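Please open the model in your viewer and keep the selection tool at hand. The stops below say what to select next and what is there.

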Amino acid sequence: METYLLAALALPLLVVALAYFLWPGYRPINLRKFPRKYKDEKGKKRPYYDVLCVGAGPSGSCLGYYLAKKGRKIALLEKKQFPRDKICGDAVCKTGIEMLMEMGLYDTLVKEKKAHVADSGGVVSPGGLSFVGRSHEKLGSVPAALACKRIILDETLVRAAQKSGAELIENTPVKDAHFDKSTGLWTVTIEDSDVTYQGRVLICADGATSKLATQLGLVTGPPQGTCSRSYVGAGTHSFKADGVMFYPKGLLPGYAALFMHPNNELGYCCYIIPGNPKVTNDTLAYWHDRLMKEDPVISKAIGKSTDIERMKAGSLRFGGEKNSYDDHLLVIGDAAGMIDPMTGEGIHHAMESGKIAAEFLNEAFEVGNFDKEVMKEYQNRWMYKFGSDYKWSMAFINILYRYPILLDAAAAAMQRKGNEYLARWADIMTGRIPKFNLLRPEFVIVMGYEVIKLTIQSLLGMDPRKKATPPIKLAQD
């Protein structure tokens, strides 16, 4: 019965995927068709900034880096002082790694043991099927993921932005912002201070809760998900891989993960993703603690360590906000919901959104128009680049929650086909290639075969999922 239901679900998804493949694609708008309203004051002295960016996380810092490279006057207003922490899974996916390479930061992070390259990785399915292999040989010079603590990554990015010419203003919690149509300038006020800052364009890059974007009416709801994080000290755990994702059936569509950091330190995370009515954000501590103590693989990997950080939690805004722009205004990164609903990963999308916004704004300054209809082009660009994939992620997590056998089939396929299949799966799960590629024959046929095989084995009383989960070992092929 489960197999027939999956076939019925697959048909409409295949039709939609075919239409997507045949769609001619997005065509950038020529901004020069809009009338000039402001002179391009690049390089000229003036009492205001070209861009005021509220928040200096990965999105804001990348915006600052690329805009300053273009000669634009930008200020990054950060409420805290670097180095400062941010609760996160700490995984930088392939697109973000390429940007670190482009910015000249990757080699230093790795050589100075501030980041750990993920090579050996894999999954443990809801039914207990597992596979851990190596992806480096299949993915080439750019690994699938990099583990880097946010206290390190964020400071590395913001220092790069400063070096390129962006101005960082720390300990500056923004109170509110007001736009003057007569001058075309934003004025930003600071909490418990008479100091104000002015800029032609305002950027909200203040994280998933985004106080400023909420005040301005662009973000209207609370973050939908949450994640936990605990670090486990070196020498106190028995985890040998670089990164493994665990899909306990009761937590779906959420998951847990273990990521190796430099110097053999381990990161343990648990993600609450919307879709399961029995798993809500307020159950995060329960799942974090339960899996750490009761999951057969996670508990064994962490062991009875006393050197484990007390759980911390962070908010997750999923799926992309429908409106990330207004007159002289953009929302980027987590503030705009640029977190993949299927994985909870958002660092690489935050970084990429900063670069997209910088390239777009440089064009807008050249044509001298920041009206809402012009700023909409930014939304079009990030939606085309990665945002449209969020709808596929939402569709797939709903299916995976209802039919966990698909994750069992994916793990079984990895066991049978090895590292090459793992590498393809990693490219999809890290957002390197769109999720609709899961509907390609190479996945549909292989996973369809595994679903049928598991169903027959279950009927014959030979279901491999009923066996205890074996210890995770690295694949030898």
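The model is predicted.

**Stop 1: confidence**

Colour the chain by pLDDT. The average over the protein is 90, and 91% of the residues score at least 70. Now select residues 1-24, where the pLDDT is below 50. Beyond near neighbours in sequence, this stretch has 23 contacts in the model. Where pLDDT is low, the predicted coordinates should not be read in detail.

**Stop 2: the largest pocket**

Rolling a probe the size of a water molecule over the atoms shows where empty space is left. The largest pocket holds about 880 Å³ of space. To find its centre, select Lys79, Lys86, Asp206, Gly207 and Ala208, the closest to that centre of the 46 residues that line the pocket.

Next, select the elements that each supply at least two residues of this lining: α2 (58-69), β9 (174-180), α7 (211-215), β16 (312-316) and α10 (347-367). Which element gives the most to the lining of the largest pocket? Strand β16 does, with four residues. Colour the lining by class, and it divides into 19 nonpolar, 14 polar and 13 charged residues.

**Stop 3**

Show the side chains where the two helices meet. On α10, select His349, Glu352, Ser353, Ile356, Ala357, Phe360, Leu361 and Glu363. On α11, their partners are Val374, Met375, Glu377, Tyr378, Arg381, Trp382, Lys385 and Phe386. By class, the contact of α10 with α11 is made up of nine nonpolar, two polar and five charged residues.

**Stop 4: the cavities**

How many cavities of 30 Å³ or more does the structure hold? There are three. The largest cavity has a volume of about 380 Å³. Select Ala145, Gly243, Met245, Ala426 and Thr430, which are the closest to its centre among the 24 residues that line this cavity. Elements that give two or more residues to the lining are β3 (91-93), β5 (120-124), β13 (243-246), β14 (255-260) and α14 (419-429). The lining of the largest cavity has 14 nonpolar, seven polar and three charged residues.

Move on to the second largest cavity, with about 70 Å³ of space. Its lining can be selected whole: Tyr38, Lys39, Asp40, Glu41, Lys42, Tyr48, Asp50, Arg72, Arg200, Phe365, Gly368 and Phe370. Four of these lining residues are nonpolar, one is polar and seven are charged.

**Stop 5: backbone details in loops**

Select Phe82 and Pro83, and look at the peptide bond from one to the other: this bond is cis, with omega near 0 degrees. Pro83 sits in the loop between β2 (74-77) and β3.

Another cis peptide bond joins Leu252 and Pro253, with omega about 5 degrees. Here the loop is the one between β13 and β14, where Pro253 lies.

Finish at Lys113, in the loop between α4 (106-111) and β4 (116-118). Phi of Lys113 is near 55 degrees, a positive value in a residue other than glycine.

Notes. Residues are numbered from 1 along each chain as its sequence is written. This is a predicted model: local features need pLDDT of at least 70, side-chain atom pairs count only at pLDDT 80 or more; totals for chains, interfaces and linings use all residues. Side-chain values use heavy atoms; hydrogens and water are left out. On a 1 Å grid over the protein atoms alone, a cavity is a set of points where a 1.4 Å probe fits but cannot get out, and a pocket is an open set with protein on both sides within 12 Å along at least five of seven lines; lining residues have an atom within 4 Å of a point. Grid points are joined across faces, edges and corners, and a volume is the space filled by probe spheres set on the points. Ala, Val, Leu, Ile, Met, Phe, Trp, Tyr, Cys and Pro count as nonpolar, Asp, Glu, Lys and Arg as charged, and the others, Gly among them, as polar. pLDDT is the predictor's confidence in each residue, from 0 to 100. Contact means heavy atoms within 4.5 Å.
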